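This briefing looks at how side chains meet one another inside a protein chain. Please keep the sequence and the 3D view at hand, and follow the topics one by one.

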Amino acid sequence: MDDPGIKKQNWDVKETELFLEILKDLDMKKCLDGRKVRNNKLFKVAHRRMTAAGYHRTVDQLKFRWKLLKSAYYKCKREPNLPATTKIQGWWRYEKTMIAIMESRHPLLGAGVNSVRNDEVPEDSDGEASMLHWPQPCPDNTAQNLGLIIKMDPEMDSQLKIGFIGAGNMAFGIAKGILSGNALPANIKVSAPSSRNLGRFQELGVSVTHSNEEVVSGSDLVFVAVKPHLVAPVLTEISEHVTERHIIVSVAAGVTLATVEELLPENSVAIRLMPNLPCLVQEGALLFARGSHAKQEDGALLRSLLHRCGLVEEGPEAWIDIHTGLSGSGVAFVYLFAEALAEGAVKMGMPSALAHSIASQTVLGAGKLLRESGKHPAQLRSEVCTPGGTTIYGLHTLERAGGLREATMSAGNLPLREPGSSAESEQKDPGNNGCSLPFDYYSID
């Protein structure tokens with residue numbers, strides 16, 4: 001356990017606070033035996049919840065962090081007047097939660113902490129405290145707590161009932177990603193007014209219907225994956241069936257959380273999500289923002305469900321429209337660039353099929369290196385350029401012929417079309433209720 005590689009992992013305050021809240025929740029709400037928070041099963045659950053919240057630690061790292069926190073707790077109990085500098089960094093932020101974990105169910109601990117306790121005990125033991133038992137049996141609150149357990153534990157995704165209103169590309173891509181995790185096809189249902197796109201969902205083993213109300217009534221989490229101009233009528237239609245158990249996820253560009261919440265019953269849980277087309281191959285970039293009544297565990301649930309779809313991040317709603325230009329429209333900009341690369345090779349005499357294959361692999365490889373290296377794009381670009389080489393000449397040509405950088409930045413900053421505008425109205429397609437992404441090139445069936 002004292003692996004130096006583990007000790008070098010720096011924890012910030014927010015991460016530690018979340019970790020302790022998870023342990024507290026597991027200990028208090030799920031009625032585990034005493035304070036035996038070192039057992040492997042519990043730490044595996046904690047590990048899944050931390051991962052769902054975006055923190056990537058190993059189980060051993062979680063155990064080691066707990067060991068340090070518990071050691072600090074006992075040190076403070078033995079010597080309460082120790083100066084802050086001798087305690088674990090940020091201890092004053094953690095002390096209340098640690099006391100709740102260590103003492104809330106065992107009042108005798110406050111008066112009887114062993115002052116000669118040795119914290120260097122084996123990992124499967126919790127010292128004398130592990131011998132303390134509940135004075136009364138824990139009541140069975142499983143039915144009452146099931147909603148919270150499902151929301152917080154990714155392993156419970158298989159029990160979650162998931163609905164899609166809309167059967168377009170994004171609904172299909174998200175459904176494929178969810179099904180590659182723990183969700184079961186029998187627990188997913190999709191609705192659309194026509195049968196045009198429902199066949200591919202049926203091939204995944206997913207139930208289909210033409211009734212939006214049926215989807216909502218049988219689901220815990222519902223993706224409203226329709227075009228922006230259809231959001232208002234759809235939410236109005238399903239509103240009377242939305243209850244406090246539901247999480248409504250809007251996947252429509254330009255439709256704000258305020259609008260969604262206004263169309264739903266009071267205190268409804270709403271989340272706004274913006275995916276992009278590569279979700280179809282589980283390499284998407286997804287950003288979501290929580291509504292005013294959505295809790296942290298609602299976001300953790302959504303992140304857990306979608307993590308197989310690609311990169312999933314949470315941010316303020318103001319970033320959603322920025323993300324739409326960056327990654328929603330951005331894929332089209334990349335496709336145009338790849339097309340131009342290939343056509344340049346064809347112009348020089350390379351067969352078209354080979355040129356397009358190499359261009360797509362170039363884009364894929366460049367993106368993967370950019371993501372995995374952690375380097376700034378400018379740094380990777382400079383590593384390709386050699387003084388007087390063909391690359392720097394090519395970059396000069398791109399900037400000289402109208403300015404690639406300026407054109408791309410301007411294209412990514414164009415405002416979204418408002419639902420109901422003339423441009424948006426031209427894109428209406430009553431036969432496909434499900435195309436959810438903002439611009440017409442996402443309407444490809």
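A salt bridge is a side-chain nitrogen of Lys or Arg within 4 Å of a carboxyl oxygen of Asp or Glu. With that term in place, R272, E317 and D321 can be described as linked in a network of salt bridges. The model is predicted, and local features need pLDDT of at least 70, side-chain atom pairs count only at pLDDT 80 or more, while totals for chains, interfaces and linings use all residues. Residues are numbered from 1 along each chain as its sequence is written, and side-chain values use heavy atoms, with hydrogens and water left out.

**Salt bridges**

- The structure holds nine salt bridges, and three of these pairs are described below.
- Side chains of opposite charge can pair when their charged atoms come close.
- R272 forms a salt bridge with E317, and the closest N and O atoms of the two are 3.0 Å apart.
- This pair links distant parts of the chain, since R272 is in strand β6 (residues 269-274) and E317 is in the loop between β8 (310-314) and α13 (318-328), 45 residues apart; helices (H or I, at least four residues) and strands (E, at least two) are DSSP runs, numbered from the N terminus.
- R272 is buried, with a relative accessible area of 2%, whereas E317 counts as partly exposed at 25% relative accessibility; buried means under 20% relative accessible area, exposed over 50%, and partly exposed in between, with a 1.4 Å probe and protein chains only.
- R57 and E15 also meet through their side chains in a salt bridge (2.7 Å, N to O), with R57 buried at 9% relative accessibility and E15 buried at 5%.
- D220 is buried, with a relative accessible area of 19%, while R245 counts as partly exposed at 37% relative accessibility.

**Nonpolar cores**

- The largest nonpolar core has 39 residues, and those with the most contacts inside it are I162, F164, I178, L221, F223 and L306; such a core is a set of buried Ala, Val, Leu, Ile, Met, Phe, Trp, Tyr and Cys residues joined through side-chain atoms within 4.5 Å.
- Helix α7 (residues 169-179) gives the largest share of this core, namely seven residues.
- Leaving aside its neighbours within four places in sequence, I162 is in contact with several residues, among them I178, A183, L221, F223 and L305, where contact means heavy atoms within 4.5 Å.
- A second, separate core has 24 residues, including F19, L26, W91 and I101.

**Aromatic rings**

- A pair of aromatic rings is described by the distance of the centres and the angle of the planes.
- The structure holds four aromatic pairs; rings of Phe, Tyr and Trp (its six-membered ring) pair if their centres lie within 6.5 Å, and planes under 30 degrees apart count as stacked, over 60 as edge-to-face and the rest as tilted.
- The ring centres of F19 and F43 are 6.4 Å apart and their planes stand at 40 degrees, so this pair is tilted.
- F19 and F43 are both buried, and together with W11 they form one aromatic cluster.
- F172 and F201 form an edge-to-face pair, 5.4 Å centre to centre and with 85 degrees between the planes.
- This pair also links distant parts of the chain, with F172 in helix α7 and F201 in helix α8 (residues 198-203), 29 residues apart.
- F172 is buried, with a relative accessible area of 13%, and F201 counts as buried at 0% relative accessibility.
- R200 lies over the face of F172, at 4.6 Å from the ring centre; a charge sits over a ring if NZ of Lys or CZ of Arg is within 6 Å of the ring centre and within 35 degrees of the ring normal.

**Cysteines**

- The structure holds zero disulfides, a disulfide being a pair of cysteine sulfur atoms within 2.5 Å.
- C279 is in no disulfide, and the nearest cysteine sulfur, that of C309, is 5.2 Å away.
- C279 is buried, with a relative accessible area of 0%, and C309 is buried, with a relative accessible area of 0%.
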